[in-house]
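Good morning, colleagues. Please take a moment to look at the structure on the screen, and I shall then guide you through parts of it.

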Amino acid sequence: MPETRKQTRPIEILMVEDSPDDVELTKESLKGAKMSFKLNVAEDGVEAMDYLKREGRFADAARPDLVLLDLKLPKKDGHEVLREIKQDKDLRRIPVIVLTTSKNEDDVTRAYDEYANCYVVKPMDLIQLIGVAKWLEDWLTVVKLPKE
Amino acid sequence: MSAGRSHGPRGAREATIQALKKSEALLKEAQAIAHIGYWERDVAADRLAWSEELSRILGLDPKADHPNFQVFLDRVHPDDRTRVRETVESAVRERRPFQYFARVVRPGGEVRRVQVRGNVGLDSRGEHVRTYGTVQDCTDVMAGEELLEQSLSALRAVIESTADGILVVDREEKITAYNNKFTEMWRIPSAVMASGDDAKAVEYVLSQLKEPERFKKKVRELYSQDDADSFDVLEFKDGRIFERYSMPQKLSGRTIGRVWSFRDVTRQRRTEIALARQAQDLARSNADLEQYASVASHDLKEPLRVVASYLQLLEQRYGENLDEEASKYIRRAVAGAARMQNLIDDLLEYSRWTYRDKPLREVDSASAARQAVENLKQAVLAGKAGVRLGELPRVVFVESELIQVFQNLIANGIKFRGAEPPRIRIRAERGGGEVVFTVSDNGIGIEPEYFSRIFQIFTRLHGPQKYPGSGVGLAICKKIVEGRGGRVWVESRPGRGSDFKFTIKDKEGEHARNAKTDPSD
């Protein structure tokens with residue numbers, strides 16, 4: 001559970017992101033964290049839903065504690081994924097943090113209307129990204145997540 | 001006779017005389033009402049007699065002027081005299097009835113028009129014993145006919161002078177009138193129209209239409225609804241387009257036919273279609289551009305972020321092995337990437353202020369200006385800037401856009417400050433159907449040669465070290481103001497500050513002026 005000292009298993013993160021560079025940089029930014037994370041990646045919206053529903057090659061996937069969701073995705077975009085998660089009575093409790101380059105007000109409003117838990121604009125460089133990773137860690141030490 | 005039995009022989013004669021007198025009186029009355037005079041000539045006695053009414057028609061005194069053919073002829077208009085004499089003479093010679101129209105001139109000079117009818121009376125041996133007939137005063141009837149003739153000629157001239165093709169058809173679907181324009185427009189040979197064969201004319205019409213059946217149906221419908229006015233557009237096989245109007249033709253409240261008018265609107269329609277297409281193209285190209293700018297901005301930022309981030313990763317990971325020079329290069333590359341990100345953000349911001357059909361509302365420009373100052377609170381405090389608002393009117397605009405314009409102009413004044421703390425003044429003037437807003441600053445001012453260039457996107461007059469920013473603020477002002485039909489410009493002298501001015505169409509101006517003449521003002 002997300003209390004640093006008592007952490008028995010790594011925090012399962014599903015990162016829905018089509019850019020390997022972003023995945024790499026996110027991994028890099030989480031390296032300095034005291035908490036232990038497991039970063040799982042879905043490269044598009046369809047894969048993300050398969051992962052969450054444990055379908056196909058994701059049959060053995062762990063239920064994520066947190067979803068980091070990009071909006072611009074191949075096949076099925078982030079807004080659709082968000083809506084599907086929040087309409088699914090098993091998945092909707094999983095906190096979804098939208099992580100996107102878009103500063104567009106419409107995207108922000110739409111995402112919250114679709115019950116995003118949080119909307120974060122992707123930092124423009126690594127230093128700032130490390131800051132976001134630190135914030136995420138702090139946040140996880142403070143919040144109480146649902147059991148399942 | 002029943003009258004004889006009741007009154008006896010003497011009473012019967014009295015009654016007969018009474019009856020005769022009565023009928024004579026009636027005859028006189030009838031002649032007077034109908035303006036018909038009676039005349040008779042006894043050939044043997046060479047004596048002419050005529051009724052009182054005839055005397056009156058000729059303007060003669062029935063008691064003083066005795067009937068005589070010469071007396072009559074004297075009254076006939078000189079120009080008609082010969083014709084009258086010859087008509088009568090030849091009719092008598094040929095022992096046949098006659099009739100003619102002539103003008104008579106009354107002694108006072110008044111001209112009347114009369115119709116004279118005559119019969120030649122023969123005895124049992126075929127000898128000409130008398131001539132007799134009537135003279136009718138037709139002046140009033142003929143005046144009416146003349147009027148009618150005049151209005152008919154006016155009507156014909158009107159029908160021919162219009163650019164529309166006109167056709168009048170009666171209830172039996174027979175053509176009763178049309179103008180030349182009609183046959184011209186429908187290219188119906190004049191022989192077809194002259195023949196009066198309506199079926200053939202209709203065939204000509206139908207053969208040219210794209211949907212003849214629809215037209216036929218519509219026509220039949222209209223004939224069943226007597227009173228309907230109607231309008232329709234007809235498309236021709238050769239591409240021409242006519243507008244068709246139709247109205248019932250009425251006589252004393254009764255529909256007796258239908259008037260059809262056709263107007264060739266081919267050119268007008270083509271222009272409309274071309275304009276609509278252009279507007280559509282323009283809207284599409286605008287939407288494309290907007291989307292292009294937005295997508296390009298997002299997609300451009302991604303790799304830029306990767307470049308900056310990996311450069312930083314390089315420094316983090318291998319910093320110990322890099323000398324100071326190498327670290328400086330990395331920092332410069334990262335700063336360059338950051339500047340480009342800002343440019344892209346500004347481009348995105350610029351494209352966001354695309355003219356859209358946002359609702360125009362009455363906006364209090366004073367509160368818009370105050371909101372702009374509020375949004376700039378940090379810059380205002382940091383720069384120790386003062387913003388003073390004059391009397392600002394209510395205008396019809398999009399509030400968010402007005403706030404943005406004020407905000408960019410105030411920010412500009414704070415940024416390009418001189419040695420003194422920035423002093424910014426906003427005022428407005430009404431007149432000439434517009435409101436002119438002026439945002440004045442006491443900043444560094446601008447050389448006149450740059451007055452128009454500064455409103456172009458990414459135009460900078462100074463290096464980024466001295467005044468940061470990419471030069472998008474004024475471009476956005478220009479885009480917003482011009483998008484709403486206004487103008488924006490600057491008046492400035494280097495070192496003396498600048499007056500940025502923009503206009504908004506003044507829809508409430510008239511109203512406001514009226515309010516100002518209020519005596520309590």
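This is a predicted model: local features need pLDDT of at least 70, side-chain atom pairs count only at pLDDT 80 or more; totals for chains, interfaces and linings use all residues.

I begin in chain B, where strand S12 and strand S14 (residues 423-431) run parallel and are joined by four bridges. Two strands count as paired if DSSP finds at least two bridges between them. Helices (H or I, at least four residues) and strands (E, at least two) are DSSP runs, numbered from the N terminus. Within this pair, Gly386(B) has Arg423(B) of S14(B) as its bridge partner.

Residues are numbered from 1 along each chain as its sequence is written, chains are lettered from A and ligands numbered from 1 in the order in which they are written, and side-chain values use heavy atoms, with hydrogens and water left out.

Five strands of chain B form an open, mixed sheet in the order S12-S14-S15-S17-S16. Its edge strands, each pairing on one side only, are S12 (386-389) and S16 (488-492) of chain B.

Which helix packs on the sheet and touches S17(B)? Helix H14(B), residues 399-415, does so, and it also touches S12, S14 and S15 of chain B. Contact here means heavy atoms within 4.5 Å.

Elsewhere in chain B, S8 (residues 230-235) and S9 (residues 241-251) pair in the antiparallel sense over six bridges, with Ser230(B) opposite Ser246(B). Five residues lie between these strands in their hairpin, where Gly239(B) takes a positive phi near 95°. S9(B) is also joined to S10(B), residues 254-264, by ten antiparallel bridges. That hairpin has two residues between its strands, and Ser252(B) in the turn has a positive phi of about 50°.

Finally, I turn to the two chains together. Their contact takes 16 residues from chain B and 17 residues from chain A. They bury about 1,600 Å² between them, 51% of it on carbon and sulfur atoms; buried area is the accessible area (1.4 Å probe) that two parts lose on being put together, summed over both.

How many salt bridges are there between chain B and chain A? The count is two, a salt bridge being a side-chain nitrogen of Lys or Arg within 4 Å of a carboxyl oxygen of Asp or Glu. One of them joins Arg317(B) and Glu28(A) at 2.4 Å, N to O.

Notes: Axes are lines fitted to C-alpha atoms, for helices over the stretch in contact, and angles run from 0 to 180 degrees between N-to-C directions.
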